[in-house]
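Subject: Structure handover

Hello,

Here is the structure I said I would pass on. My notes on it follow below.

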Amino acid sequence: MTDCTPATRAVGIDFGTTNSVVATTHDDGMPTLVDFAAPGGHADVFRSALCFWEDHAIRGGLGHEAGPWAITEFLDFPQGSRFLQSFKSIAGNPLFESASLFGKRLRFEELGQIFLAHLLSHGGAVLADLPEKIVVGRPVRFVGVRPDPVLARARYDAMFAALGREINYVYEPMGAAYGFASRLSDPATLLVADFGGGTSDFSVVRVEVPGVAKRCVPLGSAGIGIAGDMFDFRIMDHLVLPLLGKGSTYRSFDKLLDIPGGFFADFGDWSRLALMRNRRTLSELARLQRNATQPAAIQRMIAVIEGELGHALYEAIGQVKRALSSETHAQFAFYGPGISIESEVQRDDFERWIESDLERIAKTLDAALTKASLTPDMIDHVFLTGGSSLIPAVRKLFERRFGESRIAQGNELTSIAHGLGLMAADPDLKDWVVREDELT
């Protein structure tokens, strides 16, 4: 684990939809990623997830964990716990008031405070004594049809107030831009594209003095609530749900009717599938299966719900998505009690499923360039980051606009936190902070 010294000057937190990463900066000005010693996966990546369960032996009667430990708790006891992931996506949702967890209702900021407490705890000594200055990344645009940026900011403020430190918010792609700019050898105009779990964000920066990141000038940013989670759902919707009965029919007296789409609505977020495991829903599905023209498909859906297999199902979807980034086809395979699914997926099919999403992402990219008063030929470097930047169709979008020679990638999961940590030690940090008048 990274050593903690009194020389820790600042902390950068990339609070992501899927993963969170923390970087600390010391007297030498160089950021170091916090090692969470996580069980499996990347030690410097902390899954943005929470698990709750009833525990009357503790105050409040509600036990909880976060990160990869939350996943372990849920998989060990799925029927007696509630799992929440990607909860950052509700930050700007005015319709969300609270989550009901074993008789208790927790607001977004309360969920966030619990998450931060576990993140700090698992960070160990390096995060035990936080410095006065903390930089937190935030998306350019929050997830949702009509996200409320003022509400999201208020919820962020309440969440991070638990740290008791000065909080500075910076657009997430600006963090990556800051880090990338510090290693350039010539003045340049830089575009950063950050493809996270919930949002795709773009920022344009002018690097005036090579190697001196604080002489970067932000020129414009834009974002959209479409990214990795949406791409996962496209695979779910087009590949998996038809195998669970979506698009099929059932008999009602002498009529043949389409199976109502409401049965599949909660498959958009696997953690909501746990709510479907109730007597009423399972009774309705059993009745539907008896009258379905494809009863085996409905049985597979029942197996997913009864067996609490949502997490495993989405893990299989993520695996096939990643495989399609390096192969032209991949085998989707999912097994569990009462269910067995195998199907080959072509990259061409996946790219067709996300085509409309990529079109909207492209328009948002153009909006960022317009705000910066630039055209594609005026961009010297393009830095792609975030897990979904590895999808070939995403990279092709940028190759068509900027040419392959101007595009760079790397450190997809940690580049933002690294840049935020570097930025946190900059005496001119205020030049990068998102102002209140930028929220509306």
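**Helix packing**

Helix 4 (residues 172-181) and helix 12 (residues 415-424) have axes that come within 7 Å and cross at roughly 75°. That makes helix 4 roughly perpendicular to helix 12, a label for angles of 65 to 115 degrees, where under 35 degrees counts as roughly parallel, over 145 as roughly antiparallel and the rest as oblique. Axes here are lines fitted to C-alpha atoms, for helices over the stretch in contact, and angles run from 0 to 180 degrees between N-to-C directions. Helices (H or I, at least four residues) and strands (E, at least two) are DSSP runs, numbered from the N terminus.

Before going further: this is a predicted model, in which local features need pLDDT of at least 70 and side-chain atom pairs count only at pLDDT 80 or more, while totals for chains, interfaces and linings use all residues. Residues are numbered from 1 along each chain as its sequence is written, and side-chain values use heavy atoms, with hydrogens and water left out.

From helix 4, the residues Glu-172, Met-174, Gly-175, Ala-176, Tyr-178 and Gly-179 meet Ser-415, Ile-416, Gly-419, Leu-420, Leu-422 and Met-423 of helix 12; contact means heavy atoms within 4.5 Å. By class, the contact of helix 4 with helix 12 has seven nonpolar, four polar and one charged residues. In this scheme Ala, Val, Leu, Ile, Met, Phe, Trp, Tyr, Cys and Pro count as nonpolar, Asp, Glu, Lys and Arg as charged, and the others, Gly among them, as polar.

Helix 5 packs against helix 8 at an angle of about 100°, with the axes 10 Å apart. Helix 5 and helix 8 are therefore roughly perpendicular to each other. On the helix 5 side, Gly-228, Phe-231, Asp-232, Phe-233, Ile-235, Met-236 and Val-240 meet Leu-313, Tyr-314, Ile-317, Gly-318, Val-320 and Lys-321 in helix 8. The residues of this contact divide into nine nonpolar, two polar and two charged.

Helix 5 (residues 228-240) also meets helix 10 (residues 355-371): their axes come within 10 Å and cross at roughly 160°. Helix 5 and helix 10 are therefore roughly antiparallel to each other. Met-230, Phe-231 and Arg-234 of helix 5 make the contact with Asp-357, Leu-358 and Ile-361 of helix 10. This contact of helix 5 with helix 10 has four nonpolar, no polar and two charged residues.

**Aromatic pairs**

A search of the whole structure finds 21 aromatic pairs. Rings of Phe, Tyr and Trp (its six-membered ring) pair if their centres lie within 6.5 Å; planes under 30 degrees apart count as stacked, over 60 as edge-to-face and the rest as tilted.

Phe-142 and Tyr-156 form an edge-to-face pair, 5.5 Å centre to centre with 85° between the planes. Phe-142 lies in the loop between strand 10 (133-138) and helix 3 (149-160) and Tyr-156 in helix 3, so the pair ties together parts that are 14 residues apart in sequence. Both Phe-142 and Tyr-156 are buried, meaning under 20% relative accessible area, with exposed over 50% and partly exposed in between (1.4 Å probe, protein chains only).

Phe-398 and Phe-402 form a stacked pair, 6.2 Å centre to centre with 20° between the planes. Phe-398 and Phe-402 are four residues apart in helix 11 (residues 392-402), separated by about one helical turn. Both are among the buried residues of helix 11, which include Pro-392, Ala-393, Val-394, Arg-395 and Leu-397. Helix 11 is followed by Gly-403, whose phi is positive, near 85°.

Ring pairs also link Phe-15, Phe-36, Phe-46, Trp-69, Phe-87, Phe-108, Phe-115, Phe-142, Tyr-156, Phe-160 and Tyr-169 into a cluster.

**Single residues**

Phe-253, in the loop between strand 15 (249-252) and strand 16 (255-258), has a positive phi near 60° although the residue is not glycine. Phe-253 is exposed, with a relative accessible area of 85%.

Glu-308 also has a positive phi in a residue other than glycine, near 55°. Glu-308 is in the loop between helix 7 (295-306) and helix 8 (310-323) and counts as buried at 12% relative accessibility.

His-122 sits in helix 2 (residues 108-123) and, at 16% relative accessibility, counts as buried.

Regards
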